Amino acid sequence: MTKEELIEELVRDGYLKTPSIIDAFTYIDRADFVSEDTKEYAYVNEPFPIGFNQTISQPLTVAFMLELLSPKPGETVLDIGVGSGWQTALIAFIVGRERMDNNETPLVFGVERISELFESAKNNIEKYHFLEKNLVSVVQGDGHEGLSASAPYDKIIAAATADSIPQAWKDQLKIGGRIVAPIKESIVVLEKKGAMEFEEKSYFGFRFVPLIKD
Ligand code: SAH
């Protein structure tokens, strides 16, 4: 399968809809986020190992979650569980679109707990100069606490599943903002309507690696 065939399939099956998200899938090449020996699988609609018991997310799941997240140019996004960096780069492409120059504050903040993946994700993301342009910032740590230093965020997305949405993420979200995160085997969308007021929708039937507490 080629990249174009994968994107066509995701569009045909209704997972990819929004032009800016489709453009991101076209521009940010999944093959840039996997090791040399697995590049032939980069356009197969499956998750697969990136080492340390972790996987690069399935294209279908990333498409579905990004459509729910609905990132817009200029928005700030917190990405929990950067892994390969692929989803982080997709988001950066979308929110960074209308940015003119370098050295503004980053728009996309990623957190990854495994140091080796944190290092390789930075290398992968830098293939698009997103760190050099100060569009993306990644830190190593436990995402349960979110990232208070750069809060509040317009959007928060997670790639590893927990039993409930951590309170820190709710606190670090702007009013009017949205969290898209796996909870058990569902994808949950939480909209923040007021300081303590949330509206929740959930989509059952997905598999994720666990959000690990050290
Ligand atoms: N979107 C990524 C998904 C990687 S899998 C990709 O496509 O590559 C989920 C990632 O979450 C793993 O890299 C795992 O190490 C990370 N993770 C798990 N628990 C975490 C935690 N508490 N804090 C930060 N990252 C975590």
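1. Let me start in the sheet: Val-180 has Val-189 in E9 as its bridge partner. Strand E9 covers residues 186-194, runs antiparallel to E8 and is joined to E8 by 6 bridges. (Strands pair if DSSP finds at least two bridges between them; helices, H or I of at least four residues, and strands, E of at least two, are DSSP runs numbered from the N terminus.) The two strands make a hairpin with 2 residues between them, and Lys-184 in the turn has a positive phi of about 55°.

2. Before going on, a caveat: this is a predicted model, where local features need pLDDT of at least 70 and side-chain atom pairs count only at pLDDT 80 or more, while totals for chains, interfaces and linings use all residues. Numbering runs from 1 along each chain as its sequence is written, and side-chain values use heavy atoms, with hydrogens and water left out.

3. E8 (residues 173-183) also pairs with E6 (residues 153-158); that pair runs parallel, with 4 bridges. Here Tyr-153 has Leu-173 in E8 as its bridge partner.

4. Now the ligand. It has 24 residues around it, the closest being Ser-84, Glu-112, Asp-142, Gly-143 and Ile-212 (a heavy atom within 4 Å counts as near). For polar contacts (N or O atoms within 3.5 Å), a polar side-chain atom of Asp-142 sits 2.8 Å from a ligand nitrogen. A backbone N or O atom of Ser-57 is 2.9 Å from a ligand oxygen, and a polar backbone atom of Arg-113 is 3.4 Å from a ligand nitrogen. The protein covers 99% of the 580 Å² of accessible area that the ligand has on its own (Shrake-Rupley method, 1.4 Å probe).

5. What about helix H4, residues 86-95? 10 of its 10 residues are buried, so the helix is largely enclosed by the rest of the structure. (Buried means under 20% relative accessible area, exposed over 50%, partly exposed in between, with a 1.4 Å probe and protein chains only.) Among them are Trp-86 and Phe-93. Arg-30 lies over the face of Trp-86, 5.0 Å from the ring centre (the rule: NZ of Lys or CZ of Arg within 6 Å of the ring centre and within 35 degrees of the ring normal). Phe-93 belongs to an aromatic cluster with Tyr-27, Phe-33, Tyr-128 and Phe-130.

6. Last, the aromatic pairs (ring centres within 6.5 Å; planes under 30 degrees apart are stacked, over 60 edge-to-face, the rest tilted; Trp by its six-membered ring). The count is 10. Phe-64 and Phe-206 are stacked, at 5.2 Å centre to centre and 20° between the planes. Phe-64 is in helix H3 and Phe-206 in the loop between E10 and E11, so the pair ties together parts 142 residues apart in sequence. Phe-64 is buried at 18%, and Phe-206 is buried at 12%.

Definitions and conventions
A polar contact is a pair of N or O atoms within 3.5 Å; within protein, one must be able to donate a hydrogen and the other to accept it, and residues adjacent in sequence count only if both atoms are side-chain atoms.
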